[in-house]
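Please look over the sequence and structure first.

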Amino acid sequence: MNGMKTFLHVGCGPMQKDGTTRTFNTPEWKEVRFDIDASVNPDVTGTMVNMDAVESGSVDAIFSSHNIEHLYPHEVPLALGEFLRVLRDDGFVVISCPDLQSICQLVVDDKLTETAYMSSVGPISAIDVLYGHREPMAKGNLYMSHRTGFTQRTLGNALADAGFQSVVTDVRPQHFDIWALATKSRRKNEDLGALAEAHFPY
């Protein structure tokens, strides 16, 4: 299809295009699935901190949902640098991850192991968000462990520090998550807002 754009689905797990954003899940976008776990049959197997299998400047966008928290803190700049490298000059990244502020409120309320919400894989508690989903880890899938975390401010700062020129973030306390959209080149506020409107789960 002429004019089709490509997005890299980083940390795809078993999910397909319909598990990304409403705009990526359209005929205008081609999905390339990328994951560290070969058992989920990604198009490209690799890690966020070393994406050598993906050519520099080769994708129009990146979607990364709930995997940046699996990195060690010192690896976050490396991964965001890789995201920046593989994006075309007018490219952008959409990231979602847990919101530690809302999750830590549950801890303050002594609800560490009580169900915070129901996910597609079952009940999730604050302890799962802080340290990784216990059920798959108990079965040997330690890729699910969490090694860092973010607030809305620190995620935005990490993207800016990595070299992204324009960043917009939003937080959904009722869903315990943060969404961020960052562009490789500087965008006008209205253009950035339109991109966020197209990809954030409003």
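## Helix α2 and its cover

The cover over the buried residues of helix α2 includes β6 (115-119) and α3 (126-131). Here helices (H or I, at least four residues) and strands (E, at least two) are DSSP runs, numbered from the N terminus. The model is predicted: local features need pLDDT of at least 70, side-chain atom pairs count only at pLDDT 80 or more, and totals for chains, interfaces and linings use all residues. Residues are numbered from 1 along each chain as its sequence is written, and side-chain values use heavy atoms, leaving out hydrogens and water.

Within α2 (residues 100-108), the residues S102, I103 and L106 are buried (under 20% relative accessible area; exposed is over 50% and partly exposed in between, with a 1.4 Å probe and protein chains only). They lie on the same side of α2 because they cover an arc of only 100 degrees around the axis, taken from the directions from the helix axis to the C-beta atoms. Q101 and V108, on the other side of α2, are exposed. After α2 comes D110, with a positive phi near 60 degrees.

## The nonpolar cores

A nonpolar core is a set of buried Ala, Val, Leu, Ile, Met, Phe, Trp, Tyr and Cys residues joined through side-chain atoms within 4.5 Å. The largest one has 30 residues, and L8, I62, F83 and L159 touch the most other members. Elements giving two or more residues to this core include β1 (5-10), α1 (76-86) and α5 (152-162). α1 supplies the largest share, 6 residues.

Leaving aside residues up to four places away in sequence, F83 touches V10, M48, M51, I62, S64, V93, I95 and F164, where contact means heavy atoms within 4.5 Å. A second, separate core has 13 residues, including F7, F24, W29 and V94.
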